[in-house]
Amino acid sequence: MTTLMMILGIVVFAVGLLVSIAWHELGHLSTAKLFGIRVPQYMVGFGPTIWSRKKGETEYGVKAVPFGGYIRMIGMFPPGEDGRISARSTSPWRGMIEDARSAAFEELEPGDETRLFYTRKPWKRVIVMFAGPFMNLVLAVALFLTVLMGFGITQQTNLVSSVSPCVIAQSQNRDTCKDTDAPSPAAAAGLKAGDKIVSFDGVKTDDWNQLSDLIRATPGKDVPIIVERKGQEVSLHAKIATNQVAKKDSSGQIVEGQYVTAGFLGFSAATGVVRLDLGESVTWMGDRLGEAVDSIASLPGKIPALWNAAFDGAPRAADSPMGVVGAARVGGEIFTLDIPPTQQLAMALMLVAGFNLSLFLFNMLPLLPLDGGHIAGALWESLRRQAAKVLRRPDPGPFDVAKLMPVAYVVAGIFVCFTILVLIADVVNPVKIS
């Protein structure tokens, strides 16, 4: 049964992956057609074609390797300086440029002269290239909202799970009281497991982060506490102790290994599935977006640890970069967890949503061959033309993105090497769900 559920989870993630890729390419396709650019191909996947069908002027199909997709637009790059589509050269650097240029025109047909990508205004090209990543962002937001507002997510709540009998600095990593330890304010006040704190120091709250912040902000203060116990409200009083507690970041998450001196009540909060409202969901997604940006920015610094995990048997960090294979494996593990099926589905949707958020941010990097590289080229062309107009100089014409193709090959090579490293680590030392 476990194996069957593992396979089911992998299949669910694979379907989500294919839908995400197809959705991304649909953004490019729809806007390209909107602006009159001819698109000969729309493909999900790479390698040999498994299935295809031509409708109108576009061939739609699925290929064997589901790790990406593409659309082919006519005239991605302008002709060379001599006005020709290609002019062969013995220079390897120049050859890369000419190969890219000739590929952009290899399916040119009569009448396509007015339907070339590079002839469109820069703002239209920006829209075409941005539409793909934007579709991933839309899908990510839709999936996040579905989970946050529909299924709910597991969070700490104001329900008391257990009461600490004494005050222990959290940095000491012990849970046994000594004779010299003072009784915890929670125990002295009569707080019990199963109580739900509904008001603290006169502030009504059902949000754990808010309650935690209120407790931390009142060291040494005698505060009234109202709890719900067996359906009835009970009033308690506690003098909040001063203690060393785990540091929290701006989003309320615990910062591992860092501590601050703050107020301490002395109880463990129970976890539960909590549905968020729209405002809370937007805030939650904003925090995740910031974390995702930080994660991409920190990727180069994680390569040594990833290498050690892949080849030296070092522990794989929980925030280690993870590829499609690793994500599929996590998707399989989700469906083997001993949690309700609704939460299994919610976690799977979260995984696909996170994948789409990563696709959006990754593709917006201003590097060829990513969409962000083409966007940067179009913006640079617009800036050059506007500057020439202001300075009353001749129009410099379209910016030749093909000249950057050698750099694009280098970037692509780095991405391929990184992808292989992540793949090896995902196979031999995968990230696992705790």
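In the protein chain, take the contacts between residues at least 6 apart in sequence: 65% of them join residues at least 24 apart. The model is a predicted one, and what follows describes that model.

The protein chain contains eleven helices and ten strands. Its radius of gyration is 28 Å, well over the 22 Å that the globule rule gives for 434 residues, so the chain is more spread out than a compact globule. Along the principal axes, the C-alpha atoms fill a box of roughly 90 × 60 × 45 Å. Of the 434 residues, 41% are buried.

The next step is to look at pairs of helices. Two packed helices are described by the angle between their axes and the distance between the axes. Helix H6 covers residues 278-297 and helix H9 covers residues 341-363. The axes of H6 and H9 come within 10 Å and cross at roughly 55 degrees. The crossing of H6 and H9 is right-handed.

Which residues in H6 and H9 meet? On the H6 side they are Trp-284, Arg-288, Leu-289, Ala-292, Val-293 and Ile-296. On the H9 side they are Met-350, Leu-357, Leu-361 and Phe-362. Sorted by class, the residues of this contact are nine nonpolar, no polar and one charged.

H6 also meets helix H3, which covers residues 122-151. The axes of H3 and H6 come within 10 Å and cross at roughly 130 degrees. H3 and H6 are therefore oblique to each other. Their crossing is right-handed. From H3, the residues in the contact are Val-141, Phe-144, Leu-145, Leu-148 and Met-149. From H6, they are Leu-278, Ser-281, Trp-284 and Met-285. The contact of H3 with H6 has eight nonpolar residues, one polar residue and no charged residues.

Is Leu-278 buried, partly exposed or exposed? Its relative accessibility is 48%, so Leu-278 counts as partly exposed. Not counting residues up to four places away in sequence, Leu-278 touches Leu-145 and Met-149. Leu-278 and Phe-362 are 84 residues apart in sequence, and their C-alpha atoms are 26 Å apart in space.

H9 has a residue of its own to examine. Gln-343 is placed in H9. With 10% relative accessibility, Gln-343 counts as buried, because buried means under 20%. Leaving aside neighbours within four places in sequence, Gln-343 is in contact with Phe-151, Gly-152, Thr-154 and Val-273.

H9 also takes part in covering another helix. Helix H8, residues 324-334, is mostly covered, with eight of its eleven residues buried. The buried residues of H8 are Gly-326, Ala-327, Ala-328, Val-330, Gly-331, Gly-332, Glu-333 and Ile-334. Among the elements that cover them are helix H1 (2-34), H9 and helix H11 (405-428).

The last stop is the backbone in three loops. In the loop between H9 and helix H10 (371-390) is Pro-369. A cis peptide bond joins Leu-368 and Pro-369, with omega about 10 degrees.

The other two loops each lie between strands. Asp-201 is found in the loop between strand E4 (196-200) and strand E5 (203-204). Asp-201 is not a glycine, yet its phi is positive, at about 55 degrees. Its relative accessibility of 26% means that Asp-201 counts as partly exposed. Lys-230 is found in the loop between strand E6 (222-229) and strand E7 (232-239). Lys-230 is likewise a residue other than glycine with a positive phi, near 55 degrees. At 84% relative accessibility, Lys-230 counts as exposed.

Methods:
Residues are numbered from 1 along each chain as its sequence is written. This is a predicted model: local features need pLDDT of at least 70, side-chain atom pairs count only at pLDDT 80 or more; totals for chains, interfaces and linings use all residues. Side-chain values use heavy atoms; hydrogens and water are left out. Axes are lines fitted to C-alpha atoms, for helices over the stretch in contact, and angles run from 0 to 180 degrees between N-to-C directions. Helices (H or I, at least four residues) and strands (E, at least two) are DSSP runs, numbered from the N terminus. A crossing is left-handed if the near helix is turned anticlockwise from the far one by less than a right angle, and right-handed if clockwise. Contact means heavy atoms within 4.5 Å. Ala, Val, Leu, Ile, Met, Phe, Trp, Tyr, Cys and Pro count as nonpolar, Asp, Glu, Lys and Arg as charged, and the others, Gly among them, as polar. The radius of gyration is taken over C-alpha atoms; the globule rule is 2.2 Å times the number of residues to the power 0.38. Buried means under 20% relative accessible area, exposed over 50%, partly exposed in between (1.4 Å probe, protein chains only). Angles under 35 degrees count as roughly parallel, over 145 as roughly antiparallel, 65 to 115 as roughly perpendicular and the rest as oblique.
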